[in-house]
Amino acid sequence: MSSIPSNLPLRNDLIGEEPYGAPQLDVPVCLNVNENPYAPDQAVCEAIAKRVLDIAPTLNRYPDREHIELRQAFSDYLERESGVRLDVDELWGANGSNEIMLQLFQAFGGPGRVALGADPTYSMYPEYARDTFTGWQLAHRNADFTLNVDALIEQIKAVKPSMVLLTSPNNPTGTPLPMADIERVLAVCESAEVTGAAEGVHPVVVIDEAYVEFRNPGTPSAVTLIKDHPNLAVSRTMSKAFAFAGARVGYLAASKGIIDCVRIVRMPYHLSAVTQAAALAAFEHTDEQLSRVEHLRQTREATAAWLKTQTYQGKPLAVAQSESNFLLFGGSFDKREAIFDELLKRGVLIRVVGPDGWLRVCMGTDEEMERFRTALTEVLRIVE
Ligand code: PMP
């Protein structure tokens, strides 16, 4: 319960609200916030320390507000990761993709406007909408969590949103988003019949690619569409596959026009010199930082196969198709809180999230996954 004194002039629409966030508990196996479980190598830690030491004598000055060197590093990374060369003015960084998203809402949402998503999806989206006084509406996904593109397009035409927000792959379901679906949505948003915020204005289509490096190899990223679609914004992060969640670095790939809109709402010097230095050092070690991604993909596939062999109330567990580093599983857990609690008692923290009946587990190290399997096997025997 909120402990905010009632004599404080908290905004009316925030009264009764709680701060967002998964529990941060000191338990042996943390599989709840979709981090990369592998710590940076010693060489990467040393490179970070060196870069930070190099800029420390300049910390009396503000950092490069435009973070040009880092934007160049985003460009180099995306060329390597997705095969697309974007210019520095088509890239933008912030403190996590959370901040990127907030900046997009600040620039393109606002009172009287609506952002449209497809549920179930990431639970922070309604919070960015709330914080920027933007309406938030949803088109429902299919039963298998794939995007119902026809339903979404109908909603776009009816609602005329200023932003359409899709997650690829989706969280908490892991569902991939085919490029053909994105292209259909872009075509509708660019068509005359949808005018977004005002006559002649098209919605911005935001694709949140926080987990995209975990997609199956050979699948393109939405960044490949940016040069042809000035209303497309692709949000990325170093927090997940890149194993850099603690540094808080997210980035946006989009047309120069979109980046210039975001630059209007950003706080001056929002990215500290220390953050920029650490991110540059990590990008110098991209191979090491990404070296566990393939293993985590294999862990996901093996864990999905194992989960399907487990039963609850005599029925095999359902597992949502995932191209991410987590799995949504269960489907029929009528006591998911009890399952969560029993796992926690055994030192394994997962997440109660998503539609009723489901739980989400993030891929950990081999040892952590072993503990998860042992604990879940026990728990499914006692919670019925
Ligand atoms: N988008 C999605 C879909 C996420 O799941 C998350 C993190 N849970 C984020 C964005 C934000 O991540 P970060 O701010 O660490 O980049």
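Which residue of E5 is the bridge partner of Ala115? The partner in E5 is Met163, and the pairing to which this bridge belongs is treated under the strand headings below.

## Basis of the model

The structure is a predicted model, in which local features need pLDDT of at least 70, side-chain atom pairs count only at pLDDT 80 or more, and totals for chains, interfaces and linings use all residues. Residues are numbered from 1 along each chain as its sequence is written.

## Domains and their contact

The protein is divided into domain 1 (12–30 + 292–382) and domain 2 (42–287), with bounds that come from an automatic or database domain assignment. Taken over C-alpha atoms, the centres of the two domains are separated by 26 Å. Contact (C-beta atoms, placed from the backbone, within 7 Å) involves 18 residues of domain 1 and 20 residues of domain 2.

On the side of domain 1 that touches domain 2, helix H10 (293–308) and strand E12 (326–330) each supply at least two residues. Helices (H or I, at least four residues) and strands (E, at least two) are DSSP runs, numbered from the N terminus. This side of domain 1 comprises nine nonpolar, five polar and four charged residues. In this classification Ala, Val, Leu, Ile, Met, Phe, Trp, Tyr, Cys and Pro count as nonpolar, Asp, Glu, Lys and Arg as charged, and the others, Gly among them, as polar.

Strand pairing requires at least two bridges found by DSSP. E3 runs parallel to strand E4 (residues 135–140), to which six bridges join it; Ala118 has Ala139 as its bridge partner in E4. Between E3 and E4 the chain passes through helix H4 (residues 125–131), in a right-handed β-α-β crossover. Right-handed here denotes a clockwise path from the first strand over the helix to the second, with the strands pointing away from the viewer.

E3 is also joined to strand E5 (residues 163–167) by two bridges, again in the parallel sense.

## Strand E7

Strand E7 (residues 232–237) is largely enclosed by the rest of the structure, because six of its six residues are buried. Side chains in a regular strand alternate between the two faces of the sheet. In E7, Leu232, Val234 and Arg236 point one way, while Ala233, Ser235 and Thr237 point the other way.

Strand E8 (residues 250–254) runs antiparallel to E7, with five bridges joining the two; the partner of Ala233 in E8 is Ala254.

## Ligand surroundings

The ligand is surrounded by 13 residues, of which the closest are Gly96, Ser97, Asn98, Thr237 and Ser239; a residue is counted if its C-beta atom, placed from the backbone, lies within 6 Å. Helix H3 (residues 96–108) gives the most to this shell, with three residues. The shell comprises three nonpolar, nine polar and one charged residue.

An open sheet of three strands has the order E11-E12-E14, with antiparallel pairing. Its edge strands are E11 (318–319) and E14 (358–362), each of which pairs on one side only. Ala318 has Gly330 as its bridge partner in E12.

Leu349 belongs to strand E13 (residues 348–349) and is buried, with 22 other C-beta atoms within 10 Å. The C-alpha atoms of Leu349 and Val361 are separated by 8.4 Å.

Methods. Contact = placed C-beta atoms within 7 Å. Buried ≥ 20, exposed ≤ 12 C-beta atoms within 10 Å, placed from the backbone.
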